[in-house]
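User: Please go through this structure with me in short questions and answers, starting with the terms in use.

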Amino acid sequence: MSESTPRPSDSTPRPAEGAPRPSSLIHTVYGEFVRRLGGWISIADLIALMAELDVDGPAVRSATSRLKKAGTLLQERRTGTGYRLAPAMEPVFEEGDRRIFHSLEPADLADGWVVAVFSVPESERAHRHQLRSRLSWLGFGNAAPGIWLAPARLLPDARRLLERLGLSGYVHLFLSAEYAGFADLPTAVASWWDLPAIEAQYAAFTDAWRPVAEELREPKPGTPAPGDRPRIGPAEAFRAYVPMLTQWRRLPYLDPGLPAALLPAGWNAVPARAVFTELHGLLAEPGLRYVEKVTGLSPTPRSRHDPPAPRRPADPGRRRAHPRPR
């Protein structure tokens with residue numbers, strides 16, 4: 001994340017609880033911005049960016065050290081000491097792009113299911129735990145011991161993940177066109193996925209970020225009309241976008257995009273996705289411009305992803321600070 005201190009003009013309130021860990025914020029900065037700027041950033045610039053998010057230098061250095069030990073980052077000296085993404089992480093981030101930015105709509109029930117069946121010897125039970133945790137992380141539901149399923153469109157992601165982790169030898173993957181009985185399918189789905197927990201995550205996201213979207217969309221009483229309003233500045237966009245994306249990017253994995261017919265009435269993913277799409281369109285590009293300014297880096301010819309919705313044109317006028325969620 002980018003930082004610039006001091007920022008006395010920033011009166012934006014921040015969430016009092018549940019602030020993202022520095023390593024999660026750094027993960028977002030690399031995934032959304034640094035990859036688009038060549039994949040490397042100096043530690044000095046990263047510390048500067050992270051200060052915008054109220055993360056101090058020692059915390060940044062500690063987090064990057066842990067990410068280096070985990071194999072996510074590689075230390076590399078260019079104009080100064082810095083870090084680049086490890087080559088092995090690129091497929092992980094590409095998979096994240098697909099899930100976070102392009103899997104926003106529910107699956108079609110007619111597309112069927114991918115079913116994962118695994119059996120792991122007791123002597124290798126660590127692999128059993130890893131399979132359960134990784135399939136759950138992908139959004140699979142647990143139908144029975146050793147039997148997991150998800151909408152069929154998750155098959156490519158499941159194959160890539162299992163192969164990358166060296167777990168494919170334990171798993172059989174099947175495609176099933178339809179459910180043939182005997183329980184009521186929506187009732188069964190509710191027992192295979194923790195839908196209330198997913199809804200709680202969506203509600204927390206919407207409660208936190210819808211006010212920000214509304215303020216950017218509508219002027220407060222006594223302020224200029226939308227066409228005359230000052231646009232959000234790059235630094236303010238960066239400060240809002242990084243924590244917003246950090247909170248959002250877990251949700252497309254918790255929620256596999258189950259068919260709408262199988263979801264509870266009033267499924268609150270719909271308004272949450274609308275908030276995310278709107279804020280992504282408003283904040284992503286100004287945030288990138290801020291990172292470019294701080295680092296002096298330029299985008300590479302290969303674009304990382306297309307936004308899920310066209311970005312609104314910037315309003316003319318002077319820069320002003322915008323609030324973060326309460």
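Analyst: Two strands pair if DSSP finds at least two bridges between them. Helices (H or I, at least four residues) and strands (E, at least two) are DSSP runs, numbered from the N terminus. The model is predicted, so local features need pLDDT of at least 70 and side-chain atom pairs count only at pLDDT 80 or more, while totals for chains, interfaces and linings use all residues. Residues are numbered from 1 along each chain as its sequence is written, and side-chain values use heavy atoms, with hydrogens and water left out.

User: What does the secondary structure of the chain come to?

Analyst: The chain has 326 residues, of which 47% count as buried; buried means under 20% relative accessible area, exposed over 50% and partly exposed in between (1.4 Å probe, protein chains only). Its secondary structure consists of eleven helices and seven strands.

User: How much of the accessible surface of the chain belongs to carbon and sulfur atoms?

Analyst: Accessible areas come from the Shrake-Rupley method with a 1.4 Å probe, and for residues only the protein chains shown count as cover. Out of a total of about 15800 Å², the share of carbon and sulfur atoms is 55%.

User: Which strands stand at the edges of the open sheet of four strands?

Analyst: The order in this sheet is β5-β6-β4-β7, with antiparallel pairing. An edge strand has a single partner strand, so one side of it is left without a neighbour in the sheet; this holds for β5 (141-144) and β7 (171-176).

User: Which residue in β6 is the bridge partner of Ala116?

Analyst: β4 and β6 run antiparallel and are joined by five bridges. On its β5 side, β6 (residues 147-151) is joined by three bridges, also antiparallel, and there Asn142 stands opposite Trp148. The partner of Ala116 in β6 is likewise Trp148.

User: Is β6 largely enclosed or exposed?

Analyst: In the hairpin that β6 forms with β5, two residues lie between the strands, and Gly146 takes a positive phi near 75°. Four of the five residues of β6 are buried, so the rest of the structure leaves it largely enclosed.

User: Which strands stand at the edges of the open sheet of three strands?

Analyst: That sheet has the order β1-β3-β2 and antiparallel pairing.

User: How many residues of α9 are buried?

Analyst: Helix α9 (residues 234-248) reaches 20 Å from its first C-alpha to its last, close to the 21 Å expected at 1.5 Å a residue; the expected span is 1.5 Å times one less than the number of residues. The helix is mostly covered, the buried count being 13 of its 15 residues.

User: Which residues does Thr295 contact, leaving aside its neighbours within four places in sequence?

Analyst: Thr295 belongs to helix α11 (residues 269-295). At a relative accessible area of 13%, Thr295 falls under the buried cut-off. Contact means heavy atoms within 4.5 Å, and the partners are Leu37, Ile41, Asp45 and Leu49.

User: At what distance does the side chain of Thr295 reach the backbone oxygen of Val291?

Analyst: A polar contact is a pair of N or O atoms within 3.5 Å; within protein, one must be able to donate a hydrogen and the other to accept it, and residues adjacent in sequence count only if both atoms are side-chain atoms. A polar atom of the Thr295 side chain lies 3.1 Å from the backbone nitrogen of Leu297. To the backbone oxygen of Val291, the distance is 2.7 Å.

User: Is Ser191 buried or exposed?

Analyst: Ser191 is in helix α7 (residues 185-192), and its side chain reaches the backbone oxygen of Ala188 at 2.6 Å. Its relative accessibility is 53%, so Ser191 counts as exposed.

User: Which residues does Ser176 touch, not counting those up to four places away in sequence?

Analyst: Ser176 lies in strand β7 and, at 29% relative accessibility, is partly exposed. Its C-alpha is 6.3 Å from that of Val114, 62 residues away along the chain. The residues touched are Gly112, Trp113 and Val115.
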